[in-house]
Amino acid sequence: MKLSGNTVLITGGASGIGFEMAKVFLARNNKVIITSRNLKKLEKAKKELGDITIIQSDVSNYDSIKALHQRISNDFPEMNILINNAGIMFTINLQDHNLSAKELTDEIDVNLKGLIWMNDIFIPLLKKNKNAATVSVSSGLAFIPLPITPIYCAAKAGVHSYTVSLRIQLRNTDVKVFELAPPATDTDLIAKFDPEDMKGTKPMSTETMVANFMKGFEKDKYEICVGQAAQLKFMSRFLPKVIMKVLSASVSNMHNKK
């Protein structure tokens, strides 16, 4: 992939990994558009980053995505890179049955359905442009679950599977299909976790994570597993019982809080 002269759309770009991606793509002479549901976060990102376009949009709302597509098609018809980064993550006790139906599946709506909808609506535009790519941000937990975050892990496993199929189905086009599987990364997503649940895990900085992504992206490495995400993938295949025992330890802590 050519890393300059692109027009890049990043969902969930107002903070965390998406924000760092926006910063790096800007520094490499690209046009950058970021979206978020949170307008205040978008405005703060705009102040910090400067020359970016911000658009309030919700990937879990199909009509919101269609409106976003209309805006991009009108204002940025040359858009050639889509980074599906928007995501949410919650700890959920599956023995506590007090969540509403919506609360129980919010992570599916944002992390999986939203990504599928974004690709379905934007891929026809990507097909018209050179150096085109779509990026799915999954997780090391796509390969083996962290049981205290069961819906998140299920959604990210779905993202991985879907992305493999999408890559094969688009192989007769010029649109490249990438998957980025980050490790635990120092973002708001994990800041709310109990330190006991994070024992033995040292979150990677967003700067290091995105630098690794950019290296793989430039080299057309279609599955980019960074740091511990690569280890999780390896262990899920060759030492599944060992890694599952490690990842399951925090369930006791969850149940003790009940």
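Helix α4 (residues 101–127) packs against helix α5 (residues 150–169) at an angle of about 20°, their axes lying 7 Å apart. Helices here are DSSP runs (H or I, at least four residues), numbered from the N terminus. The model is a predicted one, in which local features need pLDDT of at least 70 and side-chain atom pairs count only at pLDDT 80 or more, while totals for chains, interfaces and linings use all residues. Residues are numbered from 1 along each chain as its sequence is written, and side-chain values use heavy atoms, with hydrogens and water left out.

**α4 with α5**
- α4 and α5 are therefore roughly parallel to each other (angles under 35 degrees count as such; they run from 0 to 180 degrees between N-to-C directions, with axes fitted to C-alpha atoms over the stretch in contact).
- The crossing of α4 and α5 is right-handed (the near helix is turned clockwise from the far one by less than a right angle).
- On the α4 side, the contact (heavy atoms within 4.5 Å) includes Leu104, Ile108 and Leu115, which meet α5 residues including Ile151, Tyr152 and Leu166.
- This contact of α4 with α5 has 12 nonpolar, three polar and two charged residues (Ala, Val, Leu, Ile, Met, Phe, Trp, Tyr, Cys and Pro are nonpolar; Asp, Glu, Lys and Arg are charged; the others, Gly among them, are polar).

**α1 with α2**
- Helix α1 (residues 16–27) and helix α2 (residues 39–49) have axes 11 Å apart and pack at about 30°.
- α1 and α2 are therefore also roughly parallel to each other, and their crossing is right-handed.
- Phe19, Ala22, Lys23 and Leu26 of α1 make the contact with Ala45, Glu48 and Leu49 of α2.
- Five of these contact residues are nonpolar, none polar and two charged.

Conventions
Helices (H or I, at least four residues) and strands (E, at least two) are DSSP runs, numbered from the N terminus. Angles under 35 degrees count as roughly parallel, over 145 as roughly antiparallel, 65 to 115 as roughly perpendicular and the rest as oblique.
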